[in-house]
Amino acid sequence: MSYFITVEGPDGAGKTTLIQGLVDRLQADLQVPLLLTREPGGEPLAEKIRGVILDPKHTDLDPRAEALLYAASRRQHLVNKILPALAAGKMVLCDRYVDSSIAYQGYGREIGAQGVAAINEFAIEGKLPDMTLYLDLSAQEGIDRIQANREEAQQNRLDKEAIDFHERVVAGYQIINAQAGDRLVKIDASQSPDRMQAQALVAIKARFPQCFKND
Ligand SMILES: Nc1ncnc2c1ncn2[C@@H]1O[C@H](COP(=O)(O)OP(=O)(O)OP(=O)(O)O)[C@@H](O)[C@H]1O
Ligand SMILES: Cc1cn([C@H]2C[C@H](O)[C@@H](COP(=O)(O)O)O2)c(=O)[nH]c1=O
């Protein structure tokens, strides 16, 4: 059994805020080491690929090339960081993983979920998360948060996409979530960060009780 948890959702849903807020709460009771990481990136070479993908100047990046770059950075991250951590018995909490590629490239870019799933299967060789926390928020609410709180210069190439793109991503996530079975835990992302963290903590403890001290 591995303890591989991913956090998914549209831009601005609060994934970074949730993960940062969860660290202390998790570590208070965890009996195994915790590794926080993110995609795209999480490892030096994968972070370089992240820089290429998210650079707002790269407006002519072809959608299939984009999908391949995400898959390449994922492979590098999985092999060099995630798998060694899981093998060492760590709990891995990762901001985005393969569901993001299906939602953003497959549905958002409309290049097809099956093709994107196929190149990602080549990259991940079957390594899916044990649990996915999905932060449920509309595309518009997420983009409104980003526009209200993130300076233009801090917005990446994907943040700047038109609202229809983000709507397709959220519709894609709904399809993915319907197929995810009990891997998925949905969290209402319109709640306060504190309530979201509390719900996530309960869900993680319930899924991996062996990782926590007895209450
Ligand atoms: N529960 C919440 N309620 C209201 N605002 C929130 C909530 N969580 C986060 N925010 C705010 O929304 C903005 C986006 O949050 P955050 O960066 O955590 O989202 P994200 O899902 O990581 O976004 P991205 O995928 O674009 O990086 C931030 O300004 C943050 O302060
Ligand atoms: C992993 C992954 C990510 N994306 C998109 C989703 C976001 O818009 C950016 C990453 O920025 P964040 O601030 O770190 O969330 O990239 C994608 O399109 N496909 C993917 O596989």
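Colleague: Leaving aside neighbours within four places in sequence, which residues is Ala13 in contact with?

Modeller: Ala13 is in contact with Leu135, Leu137, Gly142 and Ala189. Contact here says that two C-beta atoms, placed from the backbone, lie within 7 Å. Bear in mind that this is a predicted model, where local features need pLDDT of at least 70, side-chain atom pairs count only at pLDDT 80 or more, and totals for chains, interfaces and linings use all residues. Residues are numbered from 1 along each chain as its sequence is written, while chains are lettered from A and ligands numbered from 1 in the order in which they are written.

Colleague: Okay, and why is Ala13 called buried?

Modeller: You count the other C-beta atoms within 10 Å: 20 or more is buried, 12 or fewer is exposed, and in between is partly exposed. Ala13 has 26, so it is buried. You'll find Ala13 in the loop between β1 (3-8) and α1 (15-29). Those labels come from DSSP: helices are H or I runs of at least four residues, strands are E runs of at least two, and both are numbered from the N terminus.

Colleague: Thr16 is in helix α1. What makes it buried or exposed?

Modeller: Thr16 has 12 C-beta neighbours inside 10 Å, so it counts as exposed. UniProt, in an unreviewed entry, lists both of our residues under "binding site", along with Gly9, Pro10, Asp11, Gly12, Gly14 and Lys15. Its positions follow the numbering used here, its feature names are shortened, and annotations may be inferred rather than shown by experiment.

Colleague: Which residues come nearest to ligand 1?

Modeller: Of the 15 residues around ligand 1, those are Gly14, Lys15, Thr16, Thr17 and Asn149. A residue gets into such a shell if its C-beta atom, placed from the backbone, lies within 6 Å of the molecule. The elements giving two or more residues are α1, α6 (139-149) and α8 (193-207).

Colleague: What about ligand 2? Which element gives the largest share of its shell?

Modeller: Helix α4 does, with four residues. Among the residues around ligand 2 are Asp11, Arg38, Glu39, Pro40, Tyr70 and Arg96. By class, that shell splits into four nonpolar, four polar and four charged. For the classes, Ala, Val, Leu, Ile, Met, Phe, Trp, Tyr, Cys and Pro are nonpolar, Asp, Glu, Lys and Arg are charged, and the others, Gly among them, are polar.

Colleague: How do you know that α4 is largely enclosed by the rest of the structure?

Modeller: Eleven of its eleven residues are buried, so α4 is largely enclosed. The cover over those residues includes β1, α3, α5 (113-124), β4 (131-136) and α7 (163-179).

Colleague: Why is α3 called roughly antiparallel to α4?

Modeller: Helix α3 (residues 63-87) packs against α4 (residues 98-108) at about 175°, with the axes 11 Å apart. That angle makes the pair roughly antiparallel. The cut-offs are under 35 degrees for roughly parallel, over 145 for roughly antiparallel, 65 to 115 for roughly perpendicular, and oblique for the rest. Axes are lines fitted to C-alpha atoms, for helices over the stretch in contact, and angles run from 0 to 180 degrees between N-to-C directions. On the α3 side, the contact includes Pro63, Glu66 and Tyr70, and α4 brings in Val98, Ser101 and Gln105.

Colleague: Ile53 sits in helix α2 (residues 44-54). Why is Ile53 called partly exposed?

Modeller: Ile53 has 19 C-beta neighbours inside 10 Å, so it lands in the middle class. Not counting residues up to four places away in sequence, Ile53 touches Pro40, Glu66, Leu69 and Tyr70.

Colleague: What is the peptide bond from Glu39 to Pro40 like, cis or trans?

Modeller: That bond is cis, with omega near -10°. Pro40 belongs to the loop between β2 (34-38) and α2.

Colleague: Where does Arg96 lie, and what is its phi?

Modeller: Arg96 lies in the loop between β3 (91-95) and α4. Its phi is positive, about 80°, although Arg96 is not a glycine. With 22 other C-beta atoms within 10 Å, Arg96 is buried.
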